[in-house]
Amino acid sequence: MRRSALRCACAWLLATLACAVQAAPGVQEVLRGEIAIVDAARPPGAAAAWQPVSLPDLWPKSRPEAPRSVAWYRMAFDYPQGVGEPWAAYLPYLYDGGEVWVNGALVSRIQETSERARVRWIRPHLVQLPPALLVPGRNELLVRAPMPRAGQAIRFPRVTVGPNEALAHMHDIRLFWTSVTPQISAVVCLLAALCVGFIWLRRPAEVIYGLFGVAVTLWGVRTLNFVVEVVPAEWWTPWRTIYHASTGGFIVAMTMLAWRMAGVRLPWFERGIFAYWLIGPLWMLAQGAAGEPFVNRWWLAGFLPIGGSIVAVSVWSLLQRRTLEAAALPIAMVIGALAGMHDYIVNWELDPPFMAAWTIHRVNLLHFGADLVLVAMGGLLTARFVRTLHSIELMNQSLESRVDDRERELAANYARMAALERENAAAQERQRIMREIHDGMGSQLFVSLSRLERGELGPKETADALRGCIAEMRMALDTLAPQELDFRSTLGNFLFRWRNQLLACGIRPSWEIAVPDEDLQVSPHAALQLLRVAQEALTNVVKHAQATAVDVQLRLAGEQLELEVRDNGVGASAGTGGGHGVGNMRVRAEQLGGRLDVQHGQPGTRVTVHVPLEAVRA
């Protein structure tokens with residue numbers, strides 16, 4: 001059954017990779033060529049010891065005893081007459097890089113391992129063949145395979161030559177499965193590790209979340225080996241050590257996780273597999289690059305029975321629980337185990353007959369199988385998390401009566417707080433009314449009474465004063481209305497009403513509004529506060545300044561609106577007694593987010609209120 005499932009999976013992926021080429025006319029897959037094992041910078045001539053070779057040429061099988069060396073491969077292909085589209089050569093893999101030559105001319109140099117860097121190309125290579133180098137009929141394609149690193153051997157693929165469009169499709173399919181999907185897996189794994197790690201940090205007692213986070217992290221790090229293809233030479237051995245350590249660590253973490261989720265915990269078994277996992281990284285650190293063949297073949301092979309225990313304990317759990325949820329992990333683990341055996345067969349060229357047509361493509365499936373296992377395990381943990389939430393909801397339902405009592409208590413407290421807030425609002429309103437009475441009609445009546453007592457007001461003047469009070473009341477009502485008003489008009493009306501009173505007191509008024517209309521869109525509240533400040537300042541001029549002239553200016557200073565009242569009196573128009581005038585003006589300015597400046601000079605006093613434009617705009 002396992003052999004049939006693996007054969008079906010291989011056949012599906014093989015069809016995916018090869019369908020485009022089978023349907024494309026002019027595509028030639030080179031099955032045979034010639035090889036010359038000679039370290040030469042340029043293609044060897046006819047005098048070299050060229051030998052026939054079947055492709056792919058996997059040296060661990062075809063030349064197991066051959067020493068490491070540079071090899072040249074020579075292949076022939078036919079170029080049709082009158083071809084207008086560009087041609088290319090497709091190499092599904094060329095792990096150590098190399099050079100591609102056509103008819104004796106170099107057309108591509110793929111980076112090789114050097115003293116500065118180590119390469120391990122996972123991606124396929126599509127090499128463009130310049131039309132000027134191709135001739136109708138027989139053409140010669142040569143590929144230089146460099147000497148592999150210690151412990152490795154040359155693995156040369158079947159080369160496909162043909163129209164670039166057809167080969168590009170084939171190249172893109174393999175590139176997606178071998179290079180793009182590992183990138184996606186690495187990113188998803190690392191993001192999932194952050195999420196699960198956060199849950200574990202919040203609930204350290206939930207060890208299974210910690211184990212799953214470790215497994216996902218290690219698999220994400222392991223998958224980076226298929227993403228990072230060029231590594232500095234000094235980092236190559238540590239990089240490969242990390243790769244093998246993360247591979248084995250992933251299997252150990254998943255094994256411990258599967259056993260614990262099945263309700264089985266054997267401390268001696270967990271310590272044993274952890275100790276076995278340490279052997280590989282320690283061996284690599286001790287032996288360096290020379291220790292990788294042992295680790296890659298024998299140490300990793302030891303994880304096969306450990307991974308098999310995951311399948312066994314998952315099947316045992318399924319038989320115990322007999323639920324669809326319990327079946328998810330065993331099925332995923334069987335697929336993952338088959339993928340791991342497949343990769344072991346491919347990497348060591350075991351090539352059983354039923355897989356021979358597939359293994360020549362050298363596509364690793366373990367990261368797909370492991371992704372499936374992680375998805376299944378993540379689904380089980382998510383289901384467990386949902387069940388926990390459900391149990392918490394049931395617990396919450398049992399506490400509803402106490403919650404209802406607390407809600408009633410809170411409602412009573414809220415009612416008391418609301419009553420206190422209403423009382424506080426009423427107190428604030430009383431304070432506001434007191435300020436309005438003092439600064440508005442109070443100031444107007446005081447001036448009128450003062451003149452009446454001096455005998456300066458006759459019936460007509462008294463009527464005018466009363467009309468002024470009525471106008472003052474209208475101004476307050478207008479500015480306190482909810483609709484927007486034209487502040488320029490409101491200020492003009494205000495100054496006009498004060499003009500007659502100032503002239504009657506022997507004070508010559510003047511004013512200037514140096515603000516564009518668009519910046520005079522003042523809210524009713526701000527308009528009232530500004531006019532009250534101006535009113536208090538003018539009242540102080542009449543009461544204390546002994547001035548003959550007063551000047552009112554409204555201007556812009558950057559992002560500030562400034563209202564200034566300046567007189568030429570004795571320098572005490574802001575008041576020197578114990579009244580509330582200056583304090584009220586300062587409070588009004590602060591309510592608008594501004595400030596009040598009072599400057600006494602010889603002669604006169606300058607009262608200026610500065611407020612931000614944003615605070616007064618409607």
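Asn103 sits in the loop between β7 and β8 (105-110). This is a predicted model, and in it Asn103 has a positive phi of about 50° although it is not a glycine. Most residues other than glycine have a negative phi.

Pro56 is placed in the loop between β3 (51-54) and β4 (57-58). The peptide bond from Leu55 to Pro56 is cis, with omega near 5°. Most peptide bonds are trans.

Now step back to the whole chain. The protein has 618 residues, and 46% of them count as buried. It contains 17 helices and 19 strands. Take the contacts with a separation of 6 or more: residues 24 or more positions apart account for 74% of them.

Next come the strands. Strands of a sheet pair through backbone hydrogen bonds, either parallel or antiparallel. Look at strand β11 (residues 137-145), which pairs with strand β5 (residues 71-79) in the antiparallel sense. There are 9 bridges between β5 and β11. In this pairing, Met75 stands opposite Leu141 in β11. Strand β7 (residues 98-102) is also joined to β11, by 4 bridges, and the two run antiparallel. Here Trp101 stands opposite Leu142 in β11. In a regular strand the side chains alternate between the two faces of the sheet.

Another sheet is open and has 4 strands, in the order β1-β13-β6-β10. Its pairing is antiparallel. Which strands lie at the edges? They are β1 (28-30) and β10 (125-129), and each pairs on one side only. On average, neighbouring strands of this sheet are turned by 20° against each other, direction ignored. Inside the order, strand β6 (residues 87-91) and strand β13 (residues 159-163) are joined by 4 bridges and run antiparallel. Trp87 stands opposite Pro163 in β13.

Follow the chain on to helix α3, residues 164-202. This helix has 39 residues. From its first C-alpha to its last it reaches 55 Å, close to the 57 Å expected at 1.5 Å a residue. Where does α3 bend? The bend is at Phe176, and it is about 45°.

Ser185 also lies in helix α3. Ser185 has a relative accessible area of 9%, and buried means under 20%, so this serine is buried. Leaving out residues up to four places away in sequence, Ser185 touches Thr223 and Asp371.

How much of α4 is covered? It is mostly covered, with 12 of its 17 residues buried. Among the buried residues are Leu211, Phe212, Ala215, Trp219 and Thr223. What covers them includes α3, α5 (233-261) and α11 (366-398).

Some of these residues belong to a wider group. The largest nonpolar core has 44 residues. Those with the most contacts inside it are Phe212, Trp219, Phe250, Met254, Leu257, Phe303 and Leu374. The elements that give two or more residues are α3, α4, α5, α6 (267-287), α7 (292-301), α8 (303-321), α9 (324-347) and α11. Which element gives the most? It is α5, with 11 residues.

Met254 shows how such a residue is surrounded. Not counting residues up to four places away in sequence, Met254 touches Ala215, Ile310, Val373, Leu374 and Met377. Apart from this core lies another one, of 36 residues, among them Leu491, Ala537, Val541 and Leu554.

Val334 is found in helix α9. Its relative accessible area is 27%, so Val334 is partly exposed.

Terms used
Residues are numbered from 1 along each chain as its sequence is written. This is a predicted model: local features need pLDDT of at least 70, side-chain atom pairs count only at pLDDT 80 or more; totals for chains, interfaces and linings use all residues. Side-chain values use heavy atoms; hydrogens and water are left out. The expected span of a helix is 1.5 Å times one less than its number of residues. The bend at a residue is the angle between axes fitted to the seven residues ending there and the seven starting there. Buried means under 20% relative accessible area, exposed over 50%, partly exposed in between (1.4 Å probe, protein chains only). Contact means heavy atoms within 4.5 Å. Two strands pair if DSSP finds at least two bridges between them. Axes are lines fitted to C-alpha atoms, for helices over the stretch in contact, and angles run from 0 to 180 degrees between N-to-C directions. A nonpolar core is a set of buried Ala, Val, Leu, Ile, Met, Phe, Trp, Tyr and Cys residues joined through side-chain atoms within 4.5 Å.
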